[in-house]
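Hi everyone, thanks for coming.

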Amino acid sequence: MKILVHIKRVVDYQIRPRPTQDGKDVELTNVKMSINPFDENAVEGAVRLKEAGVATEVVVVAVGTAANQDVLRHALAMGADRAILVETPAVVQPLAAAKYLKAIVEREAPQLVLTGKQAIDDDAAETAQMVSALLNWPQATFASKIDIADGKALVVREIDGGQETLSLSLPAVVSVDLRLNEPRFIKLPALMMAKKKPIETLPAAEFAIAAPALEILNIAEPPARKPGKILNSVAELVAALRAEKVVS
Amino acid sequence: MSILVIAELDSHGVKAATRSAITAASQLGEEVHLLLAGSGVEGIAAQVASINGLSKILLADAAEYAHGIAENLTPLLVQLAPSYSAIVAAATSFGKNLLPRAAALLDVAMVSEVIQIIDATTFVRPMYAGNLNATVKAPAGLRILTIRPTVFEAAAAEGGSAVVENIAAAAYEGDTGKATWVSRDLVQLDRPELATARVVISGGRSLGSAEGFSATLTPLADVLGAAIGATRAAVDAGMAPNDSQVGQTGTVVAPELYIAFGVSGAAQHVGGIKDSKVIVAVNHDADAPIFQVADYGLVADLFTVIPELTAALKG
């Protein structure tokens with residue numbers, strides 16, 4: 001079984017993002033970028049399925065600018081076999097990403113597509129569902145456990161108030177939650193080996209894909225909260241909460 | 001044209017989050033209809049018809065609509081879409097699972113987790129764990145939105161008188177059979193639901209253990225009638241159930257009072273609480289970032305503060 005993993009390059013989760021001066025975008029100059037954390041869980045999940053003998057090949061795909069080479073190398077160092085970069089002039093929105101991904105899926109014919117449940121930059125949580133719809137494949141989103149057996153994927157999903165288990169016929173698309181696993185630490189030899197693994201670059205123009213997109217009018221920091229007070233005792237706290245009328 | 005809101009069901013009927021979606025839909029300035037799709041839901045149609053702000057209920061009662069399976073509900077949405085100018089659902093795990101699937105088939109750039117409606121095509125949505133807000137304009141034509149339920153007040157359960165139209169027979173496309181529901185394991189709570197609680201208290205990893213977590217926080221939660229939340233660290237350490245996680249990847253809350261005990265205040269957590277009316281932080285580390293967003297801070301040991309606070313509020 002072949003697994004395709006879709007990954008994205010995003011501002012590192014520890015960095016506090018700022019809007020650009022014109023307020024049209026997010027400042028990305030000299031900002032540390034990393035693989036989207038949920039996508040790292042997806043790569044780890046795929047590599048573990050390969051190590052367990054369930055999968056035969058793990059292919060990672062990124063849709064975005066040439067800079068995505070570094071996150072693809074990261075995924076290769078984690079154990080993916082080869083990588084594909086659909087090189088676009090700018091970062092694309094979920095619907096466009098899903099359409100490029102569909103084209104790659106049709107070329108590669110994997111049995112399972114894995115991706116993170118959301119990217120921590122746009123927080124959209126849309127791409128997996130969209131590619132699944134375009135392929136007319138079943139989907140399981142926010143997965144915390146995946147078992148493959150008898151041509152089916154048994155997936156535990158994190159839902160509001162608990163968990164739900166679905167059985168999907170393969171091929172299928174699964175978006176993963178942080179709970180799926182703990183991504184491995186990459187050792188230096190793995191990093192060196194990853195440099196020998198192939199990254200195939202396909203210009204976006206080859207696909208002739210058009211997708212409607214949201215127009216971004218403005219990006220700004222949310223209104224700041226008023227400065228708080230440090231209190232000295234529980235009695236002061238209770239008095240403050242009573243004054244705010246939030247406790248009786 | 002009208003706006004179609006997708007109802008999310010639980011064992012009690014329609015979730016409060018759906019009534020928030022109805023409020024948001026009303027702000028788009030057109031008639032609001034509700035799609036009530038499920039199995040054996042005919043009985044709740046009358047109850048739903050009295051929700052304020054609705055003019056019509058589309059009742060789709062069929063076995064394959066049970067459990068909210070996206071693969072089965074999407075064909076129904078695609079079929080109904082041409083009669084509507086917008087499709088709206090709450091940004092819960094149900095809405096987030098379903099709407100992007102429909103959006104792709106309808107070739108619509110959807111807007112997820114809307115926190116403000118500026119006009120019928122312009123919306124504000126959070127990005128980067130709530131550190132930034134983007135104002136976006138949706139292309140002309142059908143709009144597909146999920147709205148953040150904590151920022152739109154739930155429409156009143158009474159006062160409306162919508163007509164009920166049965167559409168199941170017309171819309172039936174059969175179970176796609178691609179995804180089969182196996183089981184659902186819901187955490188039984190005898191306290192308010194996290195997303196809609198008026199008061200939320202939460203704990204971090206410093207509570208030590210699952211027993212400690214529950215034993216320390218429960219008495220205070222009982223006094224306050226509060227829901228109990230947790231940080232990712234506490235959840236990962238097995239101290240609290242997954243669905244109690246508050247933050248970017250868990251539940252976003254906006255209660256009247258949020259009290260964080262032993263929570264350092266990572267951006268991913270703060271993004272999920274910063275719309276709370278009053279935030280209180282109790283932490284022994286005076287430099288913890290949580291104090292930057294707290295209205296009231298107490299630099300103290302949570303194990304002494306919690307019993308004192310519980311006693312003071314009881315009396």
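Let's start at A:Pro171, which sits in the loop between β9 (162–169) and β10 (172–176) of chain A. What kind of peptide bond joins A:Leu170 and A:Pro171? The bond is cis, and its omega is about 5°. Keep in mind throughout that this is a predicted model, and every value I quote is computed from it.

One is A:Phe142, where phi is positive, about 60°, even though the residue isn't a glycine. You'll find A:Phe142 in strand β7, which runs over residues 139–149 of chain A. Is A:Phe142 buried or exposed? Its relative accessible area is 6%, so A:Phe142 counts as buried.

The other spot is A:Ala208. This residue isn't a glycine either, and its phi is positive too, near 50°. A:Ala208 belongs to the loop between β11 (199–203) and β12 (215–220) of chain A. Here the relative accessibility is 72%, so A:Ala208 is classed as exposed. So there's the pair to remember: A:Phe142 is buried, while A:Ala208 is exposed.

Now let's zoom out to the whole of chain A. How many helices and strands does chain A have? The tally is six helices and 13 strands. Along its principal axes, the C-alpha atoms of chain A fill a box of roughly 65 × 45 × 40 Å. Chain A has 248 residues, and 56% of them count as buried. If you take the contacts in chain A with a separation of 6 or more, 72% of them involve residues 24 or more positions apart.

What about the outside? The accessible surface of chain A is about 10,700 Å², and carbon and sulfur atoms make up 55% of that. As for charge, chain A carries 29 positive and 31 negative side chains, with the centres of the two sets 3 Å apart.

There's also a nonpolar patch on the surface, formed by A:Leu188, A:Leu191 and A:Met192, and together they have about 290 Å² of accessible area. A:Met192 is in helix α5, residues 188–194 of chain A. Its relative accessible area is 45%, so A:Met192 counts as partly exposed.

One handy bit of background: an α-helix has 3.6 residues a turn, so residues three or four places apart point the same way.

Last stop, B:Gly208. This glycine is in the loop between β14 (199–203) and α6 (210–224) of chain B. With a relative accessible area of 55%, B:Gly208 is exposed.

How values were computed: Residues are numbered from 1 along each chain as its sequence is written. Chains are lettered from A and ligands numbered from 1 in the order in which they are written. This is a predicted model: local features need pLDDT of at least 70, side-chain atom pairs count only at pLDDT 80 or more; totals for chains, interfaces and linings use all residues. Side-chain values use heavy atoms; hydrogens and water are left out. Helices (H or I, at least four residues) and strands (E, at least two) are DSSP runs, numbered from the N terminus. Buried means under 20% relative accessible area, exposed over 50%, partly exposed in between (1.4 Å probe, protein chains only). Contact means heavy atoms within 4.5 Å. Accessible areas come from the Shrake-Rupley method with a 1.4 Å probe; for residues, only the protein chains shown count as cover. Lys and Arg count as positive and Asp and Glu as negative; His and the chain ends are not counted. The place of a charge is taken as NZ of Lys, CZ of Arg, CG of Asp or CD of Glu. Patches are made of residues with over 30% relative accessible area and no salt bridge: like charges are joined within 9 Å, nonpolar side chains (Val, Leu, Ile, Met, Phe, Trp, Tyr) within 5 Å. A salt bridge is a side-chain nitrogen of Lys or Arg within 4 Å of a carboxyl oxygen of Asp or Glu.
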